[in-house]
Amino acid sequence: MTYQITRSTPTSRIALVAALVLVAVLIAAPAWGSTATLRLLGEMLIYLALASLWNLLAGYTGLVSVGQQAYVGFGGYVLFSLAMHAGIHPLVAIPIVGLCAALISIPVAKLVFRLHGAYFAIGTWVVAEVFRLVFAQMSSLGGGSGTSLPVAIMRDLASSKAMRESMIYWTALTLGVGSAAFVYLLLRSRIGLALTAIRDSEIASSSLGIAIPRIKLAVYVCVSALTAMVGSLIFLQKLRIAPDAAFSVNDWTVLVIFMVVIGGIGTIEGPLVGVILFFLMRSFFADLGSIYLIILGVLAITIMIVSPRGIWGIFSDRLGISLLPVGYRVQANEDRDEALPLHAVADPRGLRSR
């Protein structure tokens, strides 16, 4: 009997083709969708990016942050500052925002990484509150009442309103798909193997020579940079920013956690499932007011009790499929379809501390 080490499966190859077709359809959305459709799709893509990044941080790296709104608000304010005071084109400013967030996240990480467990989560929330208070004192950006983008800047973005909507949508598509692809490709690399080992047991990972602090820092910095870029796009679309809206824990962290939890934390497909389910529930139950929030809470608690791996975890366990596999599989070359997970095949030499 011979064995073969593989990653992809017939199901995953079909899923990849379907994903490429879906992306092509979404690229053409300005040609077939209304302005309301573009804004809804853009919002879904924004939350897909935020959910995928938070899932990488908490589900794979073990960094359960409740302060990611710090980088959403930071990204929005830096974009407004670059556009209004430095005269930089808003779309050009978005990657600059990511670079600024990466730089500011390094000292923040050095601080919050001294905390563990619940203290880490509380520490990230405190950092977000500090960010909010700092930007609320900046009179050049409207202080506590916030500010709006001048009309001239939006005209520089595009000559017509329809083109502006299309450009913002395409940017949201780039960030949404790009963030999900970044997480997927990262988890298929040696760093992804190290993250899986760290999530399972930090003690065992450290004994194997995996540089845990360095890997966690790299992931935190990358997630912070991409989150800030998403945040800059959010407020570019809104045209206005204020401290309470920019650093809202409910809008940019609680809802994101809800999506990841109900979809499936620690899975690639989970954030996508969670985003779709959340927007479906919002479209049907949002008019119920406080009852809608109660439904969301009950659903989240039920799923956490019944299936800690979320809805996709239930579906995947019962059918035994993975649309976006990131691990290795040992497959026997026989008529039967048998595959066993393999977590220790990859060479960890590139992950060892020096």
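This is a predicted model: local features need pLDDT of at least 70, side-chain atom pairs count only at pLDDT 80 or more; totals for chains, interfaces and linings use all residues.
Reader: What makes F131 count as buried?
Author: F131 has 12% relative accessibility. Buried means under 20% relative accessible area, exposed over 50%, and partly exposed in between (1.4 Å probe, protein chains only). F131 is at 12%, so F131 is buried.

Reader: What makes F113 partly exposed?
Author: Its relative accessible area is 22%, so F113 falls in the middle class. F113 lies in the loop between helix 5 and helix 6. Helices are DSSP runs (H or I, at least four residues), and strands are runs of E (at least two), numbered from the N terminus.

Reader: Which residues does F113 contact, leaving aside neighbours within four places in sequence?
Author: L63, F120, K216, L217 and Y220. Contact means heavy atoms within 4.5 Å.

Reader: How many aromatic pairs does a search of the whole structure find?
Author: It finds 15. Rings of Phe, Tyr and Trp (its six-membered ring) pair if their centres lie within 6.5 Å; planes under 30 degrees apart are stacked, over 60 edge-to-face, the rest tilted.

Reader: Why is the pair of Y47 and F279 called edge-to-face?
Author: The centres are 6.1 Å apart and the planes stand at 65 degrees, so the pair is edge-to-face. Y47 lies in helix 3 (residues 35–60) and F279 in helix 14 (residues 270–285), so the pair ties together parts 232 residues apart in sequence. Both Y47 and F279 are buried.

Reader: What makes the pair of Y71 and F131 edge-to-face?
Author: Their ring centres are 6.2 Å apart and their planes are at 70 degrees, so edge-to-face applies. Y71 is in helix 4 (residues 69–85) and F131 in helix 6 (residues 118–136), so this pair links parts 60 residues apart in sequence. Y71 has a relative accessible area of 1%, so Y71 is buried. Y71 and F131 belong to one aromatic cluster, with F113 and F120 also among its members.

Reader: Why is helix 4 called oblique to helix 11?
Author: Their axes come within 6 Å and cross at roughly 55 degrees. Axes are lines fitted to C-alpha atoms, for helices over the stretch in contact, with angles from 0 to 180 degrees between N-to-C directions. Under 35 degrees is roughly parallel, over 145 roughly antiparallel, 65 to 115 roughly perpendicular, and the rest oblique. So helix 4 is oblique to helix 11.

Reader: Which residues make the contact of helix 4 with helix 11?
Author: Among them are Y71, G75 and F80 of helix 4 and Y220, S224 and F235 of helix 11. The contact residues divide into 9 nonpolar, 6 polar and no charged. Ala, Val, Leu, Ile, Met, Phe, Trp, Tyr, Cys and Pro count as nonpolar, Asp, Glu, Lys and Arg as charged, the others, Gly among them, as polar.

Reader: What makes helix 5 and helix 6 oblique to each other?
Author: Helix 5 (residues 90–112) packs on helix 6 at about 140 degrees, with the axes 10 Å apart. The two are therefore oblique. Their crossing is right-handed. F120 and F131 of helix 6 are among the contact residues, as is V108 of helix 5.

Definitions and conventions
Residues are numbered from 1 along each chain as its sequence is written. Side-chain values use heavy atoms; hydrogens and water are left out. A crossing is left-handed if the near helix is turned anticlockwise from the far one by less than a right angle, and right-handed if clockwise.
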